[in-house]
Each structure stands twice: as structure tokens, then as C-alpha cells.
Amino acid sequence: MKFMEAIRNSLMAMAACAGLSLAAALPYSVFPADGSTVPADAPIRITFPSASHAGTAGVFRLRAADSHIVYSLDIGRTASGTLKAKVGGDSLDIHPVIVSGTEAYLFVAAGSLAYGTTYTAEMDAGAFSGANGAYPAASWTFTTAARPASGRSAYTVAADGSGDFCTVQGALDFLAQGTAQVTVTIKPGTYREILRSVGRNSLSLAGTNRDSCVIRAVNNDKQNAGTSARALVRLFGDDLSLRDLTFLNDTPDGGSQAETLFLRGQRCAIRNCVFHSFQDTMQLEGRVYLADCRIEGAVDYIWGRGIAFFRNCALYSNADGYIVQSRNAKGQRGYVFVGCALTAASGVKSSYLARDGNGDYPDGDVRYIDCTMGTHVPKAGWLVQTVAGATPNFAEYGSKDAQGKALDMSGRAAYSRVMTASEADGLRKAVNVVGGTDGWDPEKATGLVPPRPREAAAGLRGGLRFGPETGFDARGRHLPRRGLASPHPFGI
């Protein structure tokens, strides 16, 4: 191998003298690019000249200057399954090889690369194949940047390598636990990763553009069992903030419980974000404020034991099911939706406003105020599956149809109710819902009540549609790519 490296170095020197780049000899484009310098958390991305797929054999390696292998990935063995890896301290089954059209994403385990070090990337022949057959063996070099300075109040994540980190989890791993205010700005890109953060308070994750800053991967209860393991993003901490980001759990319909976000904390605010899954999309605990968000799912896709206030959000039912399952204790506030638009995919016929979980959570507190509701919401509105002795606080006020006409609520379930005008007026104020004993007012902090989001303002138009994109089912088996008619820039 040292002999081969000597030959490669000679070729590089000859190419440099001739004004040429050795990267031109590669059969595809790569990131990190040949000769580039990137953050030490860089994954490997390959862009093929045509739609390609993983082969049945072939290994990818990262080799240090002294020739020892610091990381390897058996493409043939892992492309159709999962690999156990550490993610933010959790041991999880992840998909280490994701092929989507002309791009392949290769996971690199945290800590594999040191700061300020040069590495050689090596790909075996046949690891991937395209329209013209198997790609030949390839290799290239790159260098990792110096370690970012600690203690700063702001860091940047950029998929193209221009920031402090290439991955969001790389930034989370770097940040110390505690209460120091830190903003992580996320630049446009698709970040194919599962995220974990515990004990990092006063943290803000801020995208620069909601539709082009996308965090997506597959995770679910069949892949990683239990509520602490199966979420795409799990954030535990106080005073957390998310804004201008899209989160997609690519688990397909029927792929088991698959939270996109599991958030636990006090005084947490989410603004202008998209969350997609099919079952249990969003689990909230603590006190959470959401504005101008799009939340998409089918079965209990907003749930948990938390207290949450939703302002001008779009709740998009992508299959028949139930929007909310509140598990709050008796007498505790649950979920309040103000000025939201309830929309649905074509063919969705029944999506209840909330249910009690077959009687397991009889004290659920769910309110809808001034919300627009499509015909996919049944006339009964609410579902208590064990009706005898039902005690949920299921209530609404000012519900409207697509044309803005007041809904006839005379057919609503007997155990639900219509709020009084004064009760609804009090709940229109976020502080009265999530204020707690410390009087936290998330809207006073901005000085403005957020405007209606694009989807909510559009009334009951279908809006965006999401679907599985990675080509894996919940058990890690390949799936045919779904043809969903969608104007969304992700090309889903």
C-alpha cells in the first residue's frame, strides 16, 4: 500500500506540474473533493453520472498517512440493511449507505477522523454500479480542518464543507452541556442523519431557508425500539429553539411508530418548520410553542404528555387516522391550536381531531380555536374509544370550513363541547397556555403574533406531499421508489 501511495503522490505531482487535477480521473464526483479541506465530521457523498445502485461486494475505506485504516464500510453488506453506530451517545441501528438517484451517502462514524489530518479515501471496484456497469476502483485525498474554537455563541453547519461542521450531529457532539446560549446556523443542504441532544440548554438550531435546509433519515420502532430510540430527532433540554428547518422521517406508511421529533423541555419554541412522518410524528413533553409550522402524519401524529400551543400551523393528514393523542394528567393543560388549517391528502376520508387512546388516557385536553377544517374531519370530530365514563376535555370554538363558513357542530361527539367566547379568548394568548409558573410568553419575546404560514393561508388546498425517499422499508429492506406527484423542491 505504501508503494501505491508513492505512485499516487508521484502522479499528483506530475498532474500539478501539468496544471491538471487528479480528481478528473475519478469515475464520479465526490465530497470531500480531492485535495480539499473540510471539517472533521464530514460524511462521504458521491454523485454519479447517472442513476446508480450499490453493488453486492466492495468496501469503502479511510486510510491515514501511516497507511492504517481508520474507518471502513462494507458497501455490499450494509447497503440493504442497518449498522450499529453511536449517535450522540445512543447505540442505534442506522442505514449507513443511502442511495437516492444519482447520489450515494456514506455514513462515517463520529470520531473516526482527527483534526488537521490528511486521509486517503478508497473505494473498491464494483462497490457501485451505474448505467454502464460497475464503477472501477477509485481513491482520493482530503484534509480535515483544525478544531473550531470552544465557547463561541455561534457556529455554522454546511453540507458543502464551508462551515464549522458538515453535519448537525457533529455540531451537537461538539457543544458542551449547560445553559450557555448557542446558535447553530444550518445552511442549505440535505443532512441524512439521526439527531440526539441531551442537556444542551439554550440551544437554537436555525436554518437559513426552510425548504432547502432538510434533515432526513429512516428511524422507527422496528429499527430502534422504544420512544427514546425511534425518533429521527430527540432533543432534551430547556429553552430550545428550532426555526426554518424541514425534518423528514422517511419511514413508509405502516412502518410502525416513527417520531420525527421527540422534544422534552421547558420554554421551547419552534417556528416555521416542517415535520413529516406517518405515525407519531411529533411527541412533546414540557412546555412548547409552535408557530407557522407544517406537521404531517396519520396516526396520533401529535402526541405526548406536554403542554403545547400551536399558532397558525398546517396539520396535514396523509392517511386516515387521528391527529392528536394527549396524555396529560387530569386537570393539566394539553394541546391548544389557534388559527390552524387542517388539510389532507387526496383520498383521506377520516382524520379525527383527537382520540383518547382506547380509554388509556381519559383526561386528554385538546382545544381547537378559529381553525379551518376540511371534510376529512368526521362530523363527530372526536373519538373516545371507551365511551362509558368518558372525561376528556375535547373542545373547539369558531371552527370553519374551506370557504370560511362556520361549521355545524351539532353532530359532534356527545363527550366534546363548544367553548364559550370568553374561554376561547383567554386561550388565544400563548402565555395563558404555556406560561407556567415563570410566566413565559413566547410571543412577547418577538413582539409580534406570527403571520399565517403559506400552507395555512392557502386554506384547504392539498399543499405539499411527502413520501419515503430512501428506498428502505421499516426493516431495512429495499422498497421501490414511490411516484408521488409533488411540486416540492426536494423532488420527492
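Q: Helices (H or I, at least four residues) and strands (E, at least two) are DSSP runs, numbered from the N terminus; how many helices and strands make up the secondary structure of the protein?
A: This is a predicted model, in which local features need pLDDT of at least 70 and side-chain atom pairs count only at pLDDT 80 or more, while totals for chains, interfaces and linings use all residues. Residues are numbered from 1 along each chain as its sequence is written, and side-chain values use heavy atoms, with hydrogens and water left out. The secondary structure of the protein comes to seven helices and 37 strands.

Q: What pLDDT does the protein average?
A: pLDDT is the predictor's confidence in each residue, from 0 to 100, and it stays under 50 over residues 1–9 and again over residues 459–492. Where pLDDT is low, the predicted coordinates should not be read in detail. In the protein, 85% of the residues score at least 70, and the average pLDDT is 88.

Q: How many contacts beyond four places in sequence does the model have for residues 459–492?
A: Contact means heavy atoms within 4.5 Å. For residues 1–9, where pLDDT stays under 50, the model has 14 contacts beyond four places in sequence. For residues 459–492, where pLDDT also stays under 50, the corresponding number of contacts is 93.

Q: How many of the residues of strand S19 are buried?
A: Buried means under 20% relative accessible area, exposed over 50%, and partly exposed in between (1.4 Å probe, protein chains only). From S19, Leu203, Leu205 and Gly207 point one way, whereas Ser204 and Ala206 point the other way, and all are buried. S19 (residues 203–207) is largely enclosed by the rest of the structure, because the number of its residues that are buried is five of the five.

Q: Which residue is the bridge partner of Ser204 in S22?
A: Two strands pair if DSSP finds at least two bridges between them. S19 pairs in the parallel sense with strand S16 (residues 182–186) over five bridges, and Ile186 stands opposite Gly207 in S19. S19 also pairs in the parallel sense, over three bridges, with strand S22 (residues 241–243), where the bridge partner of Ser204 is Ser241.

Q: How far apart in space are Ala308 and Gly334, C-alpha to C-alpha?
A: Ala308 lies in strand S28 (residues 307–311), and its relative accessibility of 0% is why it counts as buried. Beyond four places in sequence, Ala308 touches several residues, including Leu284, Val336, Val433 and Gly334. Although Ala308 and Gly334 are 26 residues apart in sequence, their C-alpha to C-alpha distance in space is 6.3 Å.

Q: Which helix supplies the largest share of the lining of the largest pocket?
A: A pocket is an open set of points with protein on both sides within 12 Å along at least five of seven lines, and in the largest pocket lies about 620 Å³ of space. Of the 36 residues that line the largest pocket, the closest to its centre are Asp41, Val108, Ala110, Thr167 and Gly170. S7 and helix H3 (168–174) each supply at least two residues of that lining, and the largest share, four residues, comes from H3.

Q: Near what value is phi of Asp280?
A: Most residues other than glycine have a negative phi, and most peptide bonds are trans. Asp280 lies in the loop between strand S25 (274–276) and strand S26 (282–291), and with a relative accessible area of 4% it is buried. Phi of Asp280 is positive in a residue other than glycine, and its value is near 60°.

Q: Near what value is omega of the peptide bond from Phe31 to Pro32?
A: Pro32 lies in the loop between strand S1 (29–31) and strand S2 (36–38). The peptide bond from Phe31 to Pro32 is cis, with omega near 0°.

Conventions
1 Å grid on protein atoms, 1.4 Å probe; cavity = no way out; pocket = protein on both sides within 12 Å on 5 of 7 lines; lining within 4 Å. Points joined across faces, edges and corners; volume = space filled by probe spheres on them.
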